[in-house]
Amino acid sequence: MMTKLKQFFNPIRPNSNSFDSLIGAGTFVSGNISVKGTLRVFGCVEGEFIKSNEFCNDDTLIIAEGSTIKVESVEVPHIIVEGILTVTDLKACHSLKISKTGSINAKSVQVNELEIEKGAIISCENFKNGFK
């Protein structure tokens, strides 16, 4: 039993069902957010930034289906988009996954690894692959 709990809450390689922190459905957050571990958003977020304390670690942002985020900057190593993300600058030094229910509208996107499921929507003016 302990092994299953340890795997479920392991922030190193989180799956879309695990998290360390969450913003619940029906919750509106206005402000800046620093991510440590895995943050799963079910509600709405508006602000200047969502970022990891240490860029290029294993922190993860999961934007759940039905949630909405509108910020100037997102800088988190792993990002999974199942909801709607509107952002000026998006940086994922490890991976960005957009599920079939996900939508991104961005001015600039920079990623190392990109996965887009059929049905996903992405609109951006500038796309850069890699961090050098």
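A salt bridge, as the term is used on this tour, is a side-chain nitrogen of Lys or Arg lying within 4 Å of a carboxyl oxygen of Asp or Glu. Please keep in mind throughout that the structure in your viewer is a predicted model.

**First stop: E82 and R40**

Select E82 and R40 together, and you will find a salt bridge in which the closest N and O atoms are 3.3 Å apart. The two partners belong to distant parts of the chain, since E82 sits in the loop between β8 (78–81) and β9 (84–98), whereas R40 is in strand β4 (residues 38–41), and 42 residues separate them.

**Second stop: E117 and K97**

Now select E117 and K97, which form a salt bridge whose closest N and O atoms are 3.6 Å apart. Because E117 lies in the loop between β10 and β11 while K97 lies in strand β9, this pair ties together parts of the chain that are 20 residues apart in sequence. Here E117 counts as partly exposed at 27% relative accessibility, and K97 is also partly exposed, with a relative accessible area of 28%.

Next, show the surface and select L114, I116, I122 and F127, which together make a nonpolar surface patch of about 320 Å². Which elements give two or more residues to this nonpolar patch? They are β10 (103–116) and β11. If you then pick out F127 by itself, you will be looking at a residue of strand β11 that is partly exposed, with a relative accessible area of 42%.

**Last stop: N126**

Finally, select N126, which is found in strand β11, a strand that covers residues 121–129. This residue is partly exposed, with a relative accessible area of 43%.

Technical notes:
Residues numbered from 1 in each chain as written. Predicted model: local features only at pLDDT ≥ 70, side-chain atom pairs only at ≥ 80, totals over all residues. Heavy atoms only, no water. Helix = DSSP H or I, 4+ residues; strand = E, 2+ residues; numbered from the N terminus. Buried < 20%, exposed > 50% of the residue type's maximum accessible area, 1.4 Å probe, protein only. Patch = residues over 30% accessible without salt bridge, like charges linked within 9 Å, V, L, I, M, F, W, Y side chains within 5 Å. Areas by Shrake-Rupley, 256 points an atom, 1.4 Å probe, with all protein chains shown as cover.
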